[in-house]
Structures are given as structure tokens and as C-alpha cells.
Amino acid sequence: MANKFRILIVDDDASIRQMLSLGLKQEGYDIGTADNGKKALEIIPVFEPHVIILDIMMPVMDGYELCESIPEISGASIIMLTAKDTSKDIVKGLRLGAHDYLVKPFHFEELLARIEVQLRNRFPDLSGRRTIGRFTIDELKKSILLDNQPLQLSPTEYKLLSYLLWNSNQTLSKEQILIHIWGYDFEGEDNIVEVYIRYLREKLGDLDHTIIKTVRGLGYHLQTEQQ
């Protein structure tokens, strides 16, 4: 499997923690949370995050104090995410050790892009890029190449093709795929897996089903050049 990056969210606002946790988990990240700086200091050595998303105004220990302490126990990138928006606040955060600073309210896509930049720059050996047969997966960019040409995939198509690739040359049942991509509580159409397999075959030019094979009665099998 690919390297899975860990992100720690430190914010005293439960709604922010929940929203970020849900969104980042859907992007494939492992998530930890803390509602103040003191708890974060206890979690960091155990969870070993690659990125810490850090609010400033918190009880017990605020973000500034935590930011100063983090380098003593972790090499994680620090992204301050806060409502404090003056130049003085931003400069203070960066001088205390933050690697980036984003002001609330914010666009989730912008936060994602900033996380990806930090991971590429600070953890190049864990880039999440891997070649499997004719395919190349870039987990940071959420993109897949076929014969070095980018595939135009929806988020769900990307997740499904990635899952098939990481399990290439194995047969995955419809139930395995359904649970992994759509979750245990999915209540949509019964044929959703078949529909998205068809979408992928069309985008791969796999008209004769030689790349994504149907194994009758068992499921689907993505064939690569690796045996």
C-alpha cells in the first residue's frame, strides 16, 4: 500500500475538527484531533503526524505556545488555521515556527493544496507516487497516469481505480469494493459498482475488458504488467 500521511487537527471548535476530519479522511489521510495545545503535546509523540493544522485561540495552551514547543518533539509541518488575520498575527506565527498560515473562513480546496505543498517539500521520500505496470499513481496530486498520460477522473473514479491498482492482480469482490469506496452504510443504487467499473473502462479505452477483468461470480481483477 501507499504511504499514508497523518494529519493532526488542533482546534477547540468541535465543528471545525469534525468538518476537517471528515474531509481529510475522504482524501485518504489518517487523522488525529486535539482541542487544546496541552492535549496535542501528549498526542504528537504517539501519533507522529506529518502535518499539524493549528488554531491559535485555544484554552489551556494556545497555538503560539504550542507552535514553539512542537520542533522539540516533532518534525511535522505546521499550518496555522485561525481567525486572527492581521499582518502582525501572521508574522508572529511564522516567526514562532509555522510553515504556513491560512485565515478563517477558508476554502477547503485551498487548505488541501497547502497540505500537499508541505508534504512534497518536507517529505519528498514519502511522495506517495508509485508506478504499477502502465499506471502511475500520485496520491498527493490525486492523479493517475496511463502510459504517462493523465486520466481525467472524478474523485470517485480516482478512488476506485486506485483501490484496484493497489490490489492489482487480485480479485476483489463487489462487496469489498462497495464497502471500501462507498462505505458500510451506502444506501444508493445496487449496481453502483458496475456503473463505475463501466466508467473506468471507457476512460481506459478498455473495450475488450483486458485491463479490468470481470471474474464471473467473484468480482473484478485489474491486470497490470506486474505479476
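Reader: What makes strands E6 and E7 a pair in this structure?

Author: In this predicted model, strand E6 (residues 129-132) and E7 are joined over four bridges in the antiparallel sense. Two strands pair if at least two bridges lie between them, and E6 and E7 have four bridges, so they count as a pair. Within this pairing, Ile132 stands opposite Phe135 in E7. The hairpin of E6 and E7 has two residues between the strands, and Gly133 takes a positive phi near 60 degrees there.

Reader: How do you know that E7 and strand E8 pair, and in which sense?

Author: Four bridges link E7 to strand E8 (residues 143-146), in the antiparallel sense. Because at least two bridges are needed for a pair, the four bridges of E7 and E8 meet the requirement. Asp138 has Ser143 in E8 as its bridge partner. In the hairpin of E7 and E8, four residues stand between the strands, and Lys142 takes a positive phi near 55 degrees.

Reader: Which way do the residues of strand E7 point, and are they buried or exposed?

Author: From strand E7 (residues 135-138), Phe135 and Ile137 point one way, whereas Thr136 and Asp138 point the other way. All of these residues are buried.

Reader: Why is Asp147 called partly exposed, and why is Asn148 called exposed?

Author: Asp147 has a relative accessible area of 42%. Buried means under 20% and exposed means over 50%, so Asp147, at 42%, is partly exposed. Asn148 has a relative accessible area of 61%, which is over 50%, and therefore Asn148 is exposed. Asp147 lies in the loop between E8 and strand E9 (149-150), and Asn148 is placed in the loop between E8 and E9. Asp147 has a positive phi of about 55 degrees although it is not a glycine; Asn148, also not a glycine, has a positive phi of about 70 degrees.

Reader: Why is H7 called roughly perpendicular to H8?

Author: The axes of helix H7 (residues 174-182) and helix H8 (residues 192-204) cross at roughly 85 degrees and come within 10 Å. Angles of 65 to 115 degrees count as roughly perpendicular, so H7 is roughly perpendicular to H8.

Reader: Which residues meet where H7 touches H8, and of what class are they?

Author: In H7, Lys174, Ile177, Leu178 and Trp182 meet Ile192, Val193, Glu194 and Tyr196 in H8. By class, this contact has six nonpolar, two charged and no polar residues.

Reader: What makes E2 and E5 the edge strands of the open sheet?

Author: The open sheet is formed by five strands in the order E2-E1-E3-E4-E5, with parallel pairing. Strand E2 (30-34) and strand E5 (100-103) are its edge strands, and each pairs on one side only. Neighbouring strands of this sheet are turned by 20 degrees against each other on average, direction ignored.

Reader: How do you know that E4 and E5 pair?

Author: Strand E4 (residues 77-82) and E5 are joined in the parallel sense over four bridges. Met80 stands opposite Tyr101 in E5.

Reader: Which strands does helix H5 touch?

Author: Helix H5 (residues 108-122) packs on the sheet and touches E1, E3, E4 and E5. The direction of H5 makes about 165 degrees with that of E4.

Terms used:
Residues numbered from 1 in each chain as written. Predicted model: local features only at pLDDT ≥ 70, side-chain atom pairs only at ≥ 80, totals over all residues. Heavy atoms only, no water. Axes fitted to C-alpha atoms, helices over the stretch in contact; angles between N-to-C directions. Contact = heavy atoms within 4.5 Å. Buried < 20%, exposed > 50% of the residue type's maximum accessible area, 1.4 Å probe, protein only. Parallel < 35°, antiparallel > 145°, perpendicular 65-115°, else oblique. Nonpolar A, V, L, I, M, F, W, Y, C, P; charged D, E, K, R; others polar.
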